[in-house]
Amino acid sequence: MLNRYSFKAQITWLSTSLILLTVISLTASYWLRITEYAESQVKNQLLFAENVLNQNLVSQEKMLTTAARVLAADFGFKQAVASRDSNTINSVLLNHGERINADLMMLIDVDGQLVSTSASKPLENALIEDSIKSLPLIDVHAQFLSIDNFVYQVIVVPVKAPRTIGYSVIGFEVNKASLLQLKELILLDISLIKGTVLMTSTMVEQIPGTQLLSQATSPPSNLLWSRDDFYHQVRPLADSNEINVILSAPLAKYHRDFYQLVYSILVIALFVIFIAIALSKLLSRGMAKPLHSLMKLTERVGRGDLNVPKLTTDLPVEFSELYQSFSVMGAAIKSREKEIKFQAERDMLTGLYNRQKILQQVTKSMNEKQKLSLIAFNIKGFKALNDTIGLINGDNILKVLAQRISQYLKPIDGISVNVKGIARLNADEFLLVLEQLNKTQINHFLEHLLLELNRPYWINDIKITIALSFGVVLSEDNNDDAECLLRRASMTVAAANQDQSQIRFYQTGEDEAYLNKLALIDELKSALEQPESPMFMVYQPKLNIKTGKIDKLEALIRWINLKGEFVNPELFIDLAEKSGLIVNLTRWVILQVVIQIKSWVNQGYQFKVSINLSAQDIQHDTFVEYLLDTLSAHQVTPESITLELTERDLAENESLVITRLTYLKSLGFQISVDDYGIGQSSLAKLKQLPVDELKIDKEFILNLDSNKQDQDITSSTILLGHKLGLSVVAEGVETQASLALLADYQCNYAQGYYLSKPLKSNELIQWYIDYDNKTLP
């Protein structure tokens, strides 16, 4: 808004606004402080008044008690009470009341009935009798009574001869005159109220009882902004349950003092504002000229001209320093721009180009119709190396490797090497972009480069050797964009690692296969999220060789993709593991299997079902919780489930895996080692694992009936398993002869296509019924 005004006007507005803000802040501060002070004063005054009132009532009570005791001790009075001599009683009450100036004298029998009364005001006996019902007939007792809208402070004293024969009651009226005397002491108005009826008050302007009680029970939140003339406080009158006393503190003085203070502040503020406007104009005139010079200088810097000329005119000291700061700033901006550009384009560890910069370089060269050779390479097993020697030493190797690449690039045997850029793409992957060479030249160039890069690396006097894999993409064979070329280079070096080859050239179609895998991962993720998933479970029976019965099954997942094609389970399970979807996939399988087990139980079928797990599953923080919650939700017992893990999965993070499997086994789950014989387990490790079952891999079973080596391996494995107390399952049984051999070896269970292929749940039950009704041929 102020941008529409000149600099002079803005200074004036600023000064005025600051003063107004100061005035408002001071006023608010004073208001808060005075409000707190006023509230404190009023509350102290009310507390003092309440104490004085209580002391006055106690003093009055003591005087009444003395007078009542004198009356109750009078022998003639006792004799008259005992004989019910009305004349004597009335005479004594009248005389004694006149002697002590009592306003009310009464005699009550032991049943609480009024015998005689003497009052300074004519009172109906019916009203008196109704009021004295609230008097407790006990020992000496003081109380306030309301009779016909008059308030009395009374004392009740028993008349004994020697037993109690009645009660004398002496009272003084609490009227306006007595309240005015108290008002002179406490400087507050006093009102007595019964319910909503005002009985008496010292206030000049009488307020209806309802209004007065409302103001007393709902005091203003702020005394100074309140329009009320009084601040009221309501309290019960002594121990009375009917009569309340309202103390009223006047607020006029506090209002008057506060308004005078606000008026004084405003007068001073107006005077200061006037002075500030005058001084602001003088100040703005002195600042306008230097600011104009600085504005011109800023325009030059804004245009990118960072060469600040020397100051030729005299300026105030502060502006001269500011002008020199602009000169320093220009030099700093140059340096900072260079640094920012370096950080934006370079890898901070090695100083090589980063991915974004090399992408720009490749794009630029392709736009200029240049043919390129992209050579991606990485260090084999770099993660394991990092874990062994530490991150700092691993970083040092990367830096030395980058230095060797940069220093070595030179013509080799007549091959001209024109470097377009060297980049570090990620942790241990580098990219070298050259003007295109043919495959023979590239092979020759890389042979010489490897001699340099494979030289030992020394870390703290320790000799370390590394192995490199190279992936090469030629732009003349690929007409796609720079991003596609970089992706293919990374993909090719990854394939070289997988193939255990040192140099690998991109093959046409590999990129499409890679993209197909990405599409398959997206479709898999969608399939897991769909309520009606295209995925389904099948179950392959396991034969109990000893009993000839089917009491175990293995749960296997199947998937028909959107094209209606069957997707190989090994393919999509491998993709799920690599893409982080395996945990969700396994949870989906667990849920489907548990629901199916519950359904079979309801139909009268009892099967123990195996579920395949991965290392990621068993290591996941919430796996055990999810498994137990799912079983509990569907009322399925752990004894119905066998958890299968491969030797490779058991070896990964072995300590954690053993801990969790031991816990699950203690709950009733059975643990099985799948594909035993082709993994990494040693007998020592197998002994340590909480395993119940071994599954011999089908590689040893498929040709069992014709391969002597397979027979020896299988029989020894079964014998070993039994000696370790484990059940043994042979998978891949294809012939009756193989099954017979397994029976001879005393294998516990057999599984394979000879018995049955994996079946859907409804097909399985029909197969099971048919199998149960016949003998296996």
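Two strands pair if DSSP finds at least two bridges between them. The model on your screen is predicted.

**Start with the whole chain**

Show everything as a cartoon. The chain has 24 helices and 24 strands. Of its 777 residues, 44% count as buried. Now think about contacts between residues at least 6 apart in sequence: 63% of them join residues at least 24 apart.

**Stop 1: the barrel**

Select strands β17 to β24. What do these 8 strands close into? They close into a barrel, in the order β17-β18-β19-β20-β21-β22-β23-β24, and the pairing is mixed. Neighbouring strands here are turned by 30° against each other on average, direction ignored. Strands of a sheet pair through backbone hydrogen bonds, either parallel or antiparallel.

Zoom in on one pair. Select residues 727–731, strand β23, and residues 749–751, strand β24. These two run parallel and are joined by 3 bridges. Pick out Ala 730: Ala 750 in β24 stands opposite.

**Stop 2: Leu 643**

Is Leu 643 buried or exposed? Its relative accessible area is 0%, so Leu 643 is buried.

Now show what surrounds Leu 643. Leave aside neighbours within four places in sequence. The contacts of Leu 643 then include Ile 611, Leu 613 and Leu 627. Further along the chain, Leu 643 also touches Leu 664, Phe 669, Gln 670, Ile 671 and Ser 672. Leu 643 and Leu 661 are 18 residues apart in sequence, and their C-alpha atoms are 9.0 Å apart in space.

**Stop 3: the open sheet**

Move to strands β10, β11, β12, β15 and β16. They belong to an open sheet of 5 strands, ordered β11-β12-β10-β15-β16, with mixed pairing. Which strands are at the edges? They are β11 (419–424) and β16 (503–505), each pairing on one side only. From one strand to the next, the twist averages 15°.

Look at β11 and β12. They pair in the antiparallel sense over 5 bridges. Select Ile 422: its bridge partner in β12 is Leu 432. Next, colour residues 391–408. This is helix α11, which packs on the sheet and touches β10, β11 and β12. The direction of α11 makes about 150° with that of β10.

**Stop 4: rings**

Show the aromatic side chains. How many aromatic pairs does the structure hold? There are 9. Begin with Phe 377 and Phe 430, a stacked pair: 5.5 Å centre to centre, with 15° between the planes. Phe 377 lies in strand β10 (residues 372–379) and Phe 430 in strand β12 (residues 429–435), so this pair ties together parts 53 residues apart in sequence. Both Phe 377 and Phe 430 are buried.

Compare Tyr 605 and Tyr 768. Their ring centres are 5.9 Å apart and their planes stand at 90°, so this pair is edge-to-face. Tyr 605 lies in the loop between α16 (582–603) and β19 (608–612), while Tyr 768 is in helix α24 (residues 761–772), so the pair ties together parts 163 residues apart in sequence. Tyr 768 is buried, with a relative accessible area of 19%; the cut-off for buried is under 20%.

Now widen the selection. Ring pairs link Tyr 539, Trp 600, Tyr 605, Phe 607 and Tyr 768 into a cluster.

**Stop 5: charges over rings**

Select Arg 404 and Tyr 457. The charged end of Arg 404 sits over the ring of Tyr 457, 3.9 Å from its centre. Then select Lys 439 and Phe 505. The charged end of Lys 439 sits over the ring of Phe 505, 5.4 Å from its centre.

**Stop 6: a hairpin**

Go to residues 104–108 and 114–119. These are strands β1 and β2, which run antiparallel and are joined by 5 bridges. Met 105 stands opposite Ser 118 in β2. The two strands form a hairpin with 5 residues between them. Click on Gly 112 in the turn: its phi is positive, about 85°.

**Last stop: cysteines**

Select Cys 484 and Cys 747. Cys 484 is buried, with a relative accessible area of 6%. Cys 747 is buried too, at 4%. How many disulfides does the structure hold? The count is 0.

Methods: Residues are numbered from 1 along each chain as its sequence is written. This is a predicted model: local features need pLDDT of at least 70, side-chain atom pairs count only at pLDDT 80 or more; totals for chains, interfaces and linings use all residues. Side-chain values use heavy atoms; hydrogens and water are left out. Buried means under 20% relative accessible area, exposed over 50%, partly exposed in between (1.4 Å probe, protein chains only). Contact means heavy atoms within 4.5 Å. A disulfide is a pair of cysteine sulfur atoms within 2.5 Å. Helices (H or I, at least four residues) and strands (E, at least two) are DSSP runs, numbered from the N terminus. Axes are lines fitted to C-alpha atoms, for helices over the stretch in contact, and angles run from 0 to 180 degrees between N-to-C directions. Rings of Phe, Tyr and Trp (its six-membered ring) pair if their centres lie within 6.5 Å; planes under 30 degrees apart count as stacked, over 60 as edge-to-face and the rest as tilted. A charge sits over a ring if NZ of Lys or CZ of Arg is within 6 Å of the ring centre and within 35 degrees of the ring normal.
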